[in-house]
Amino acid sequence: MSSSTLFDYLIIGGGIVGLSTAWQLQQRFPDRRILLVEKEGRFAAHQTGHNSGVIHAGVYYAPGSLKARFCREGVAATIRFCDDNGIPYQQCGKLLVATDAKEFERMQALYQRCQQNKIEVEWLDAGQLHQLEPNIAGVGAIRVPSTGIVDYARVCDALAERFRQLGGITRLNTEVRALQERTDRIVATTSGGSYSARYLIACSGLMADRTTRMLGIETEFQIVPFRGEYYRLPARHNQIVKHLIYPIPDPELPFLGVHLTRMIDGSVTVGPNAVQGWKREGYGRINISLRDVAEMVRFPGFWRVLFSHLGTGLKETRDSWWKRGYLRRVQKYCPQLRLTDLEPYPAGIRAQAVLRDGTLVHDFLFAESPRSLHVCNAPSPAATSALPIGNYIVDKLSAKLAQAREASEAATLR
Ligand SMILES: Cc1cc2nc3c(=O)[nH]c(=O)nc-3n(C[C@H](O)[C@H](O)[C@H](O)COP(=O)(O)OP(=O)(O)OC[C@H]3O[C@@H](n4cnc5c(N)ncnc54)[C@H](O)[C@@H]3O)c2cc1C
């Protein structure tokens, strides 16, 4: 492959959204030349490879939203893909546990939401909860049996393999540094030379705003990184729970609330919390990037988020540094855990799109130019939903191409 080859499609990003899109695009257009570039030396190096590994059933999402639809379809699609590709997964189910009267009330609303979203759900009183999970304390719980666990990095490796088997090309260690849109193509300047393609699809996660800006597309959002910190329990606790155990979330901030997660390798993790990140791809607690910080502090949306969630933010930050505070959150529903049970585990970093007015974007967000389509926000549970999202992107692109064809035919007839 020479750098002067003209590709039909160039995809930026070897996370689960980019790979799912690449594979499904190549299936839809088998004779097209598709190149996927990833700046790291492996797939799933960022959000996809630093997440909880949960196949979410879609409990929280507003009925009728893209998130709710993609998630429901995503569970079935992910399981089918794992079956077809010999990837281990488990549908161990999830319990959402209420520990006081206020949470019990919210749990009733969640139960109804499950029903609206057509998700199988079971109501458990305190006795039934104790019988099912003797190490978990609560006044009641709801059980969602379809929730599962998987290693999304393995899913990505299989997606890449399937894409290449169909003729797709992948390039690791290839960072897109500049983009130029011409009338007939997009030219990408990368760390490995320059590539041209008729269309570009950017699935660049934590870098989504920067990739969009490379083409000068006017957008209202910026990515603000939020660290999600985990601990792992010692191996003697691998059987402490049979299900994934979640607190009842605050509907305003549904991603908050540390949970006990059984991982597919048999271990159990606690987390994640959500604290301000100072480096988009820096996983250490005190990693700081001057560029990332400078961009954040110049963005009004960052300050609005900071001030409107100041109380929550301070508590999250306190418990990030004060392990005992973190432990207390878990002890609310798993009282037998002790400080020495919290062993180090790598953090993840969420790419949260924030609007200038401080709105946290909770649904998917796309931006376009004549020859490009950008996934600007792919929030959790985008790993679960990646297969339907990829399919949706391919549909969107097909519609865009059909429109462009019609416009050019109409121009020829004139
Ligand atoms: C802590 C945490 C826990 C989560 N838990 C879950 C969960 O349990 N279940 C679930 O469904 N979802 C979960 N999520 C959400 C899910 O992981 C993400 O929504 C999903 O992985 C997003 O995938 P992506 O492909 O958009 O982004 P990424 O995985 O971040 O991929 C983007 C890729 O683009 C590459 N890239 C960026 N810029 C360039 C460039 N200029 N040139 C070349 N390559 C570039 C990056 O290197 C990266 O590999 C969690 C997320 C976090 C952070």
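## Helix 1 against helix 5

In this predicted model, helix 1 passes helix 5 in a left-handed crossing, a crossing being left-handed if the near helix is turned anticlockwise from the far one by less than a right angle, and right-handed if clockwise. Helix 1 covers residues 16-28 and packs on helix 5 at an angle of about 30°, with the axes 9 Å apart; axes are lines fitted to C-alpha atoms, for helices over the stretch in contact, and angles run from 0 to 180 degrees between N-to-C directions. Helix 1 and helix 5 are therefore roughly parallel to each other, given that angles under 35 degrees count as roughly parallel, over 145 as roughly antiparallel, 65 to 115 as roughly perpendicular and the rest as oblique. Helices (H or I, at least four residues) and strands (E, at least two) are DSSP runs, numbered from the N terminus.

From helix 1, Ile16, Leu19, Ser20, Ala22, Trp23 and Gln26 meet Tyr152, Val155, Cys156, Leu159, Ala160, Arg162 and Phe163 of helix 5, where contact means heavy atoms within 4.5 Å. By class, this contact has ten nonpolar, two polar and one charged residues; Ala, Val, Leu, Ile, Met, Phe, Trp, Tyr, Cys and Pro count as nonpolar, Asp, Glu, Lys and Arg as charged, and the others, Gly among them, as polar.

## Helix 2 against helix 5

Helix 2 (residues 66-85) and helix 5 (residues 152-165) pack at an angle of about 70°, and their axes are 11 Å apart. That makes helix 2 roughly perpendicular to helix 5, and helix 2 passes helix 5 in a left-handed crossing. The contact joins Phe81, Cys82, Asp84 and Asn85 of helix 2 to Val155, Ala158, Leu159 and Arg162 of helix 5, and its residues divide into five nonpolar, one polar and two charged.

## Helices 9 and 10

The axes of helix 9 and helix 10 come within 5 Å and cross at roughly 110°, and the two helices are therefore roughly perpendicular to each other. Lys315, Glu316, Asp319 and Trp321 of helix 9 make the contact with Lys323, Gly325, Tyr326 and Arg329 of helix 10; here the division is two nonpolar, one polar and five charged.

## The second largest pocket

The second largest pocket has a volume of about 670 Å³. On a 1 Å grid over the protein atoms alone, a pocket is an open set of points where a 1.4 Å probe fits, with protein on both sides within 12 Å along at least five of seven lines, and lining residues have an atom within 4 Å of a point. Grid points are joined across faces, edges and corners, and a volume is the space filled by probe spheres set on the points.

Of the 24 residues that line this pocket, Glu103, Gly257, Glu316, Arg329 and Lys332 lie nearest its centre. Helix 3 (101-116), helix 9 (310-321) and helix 10 (323-331) each supply at least two residues of the lining, and helix 9 gives the most, with five residues. The lining divides into eight nonpolar, four polar and twelve charged residues.

## Backbone details in loops

The peptide bond from Gly271 to Pro272 is cis, with omega near -5°, and Pro272 is in the loop between strand 16 (268-271) and strand 17 (275-276). Another cis peptide bond joins Ser380 and Pro381, with omega about 10°; Pro381 is in the loop between strand 20 (372-377) and helix 11 (386-413).

Ala44 has a positive phi of about 60° although it is not a glycine, and Ala44 is found in the loop between strand 2 (34-37) and strand 3 (54-55).

## Basis of the values

Residues are numbered from 1 along each chain as its sequence is written, and side-chain values use heavy atoms, with hydrogens and water left out. In this predicted model, local features need pLDDT of at least 70 and side-chain atom pairs count only at pLDDT 80 or more, whereas totals for chains, interfaces and linings use all residues.
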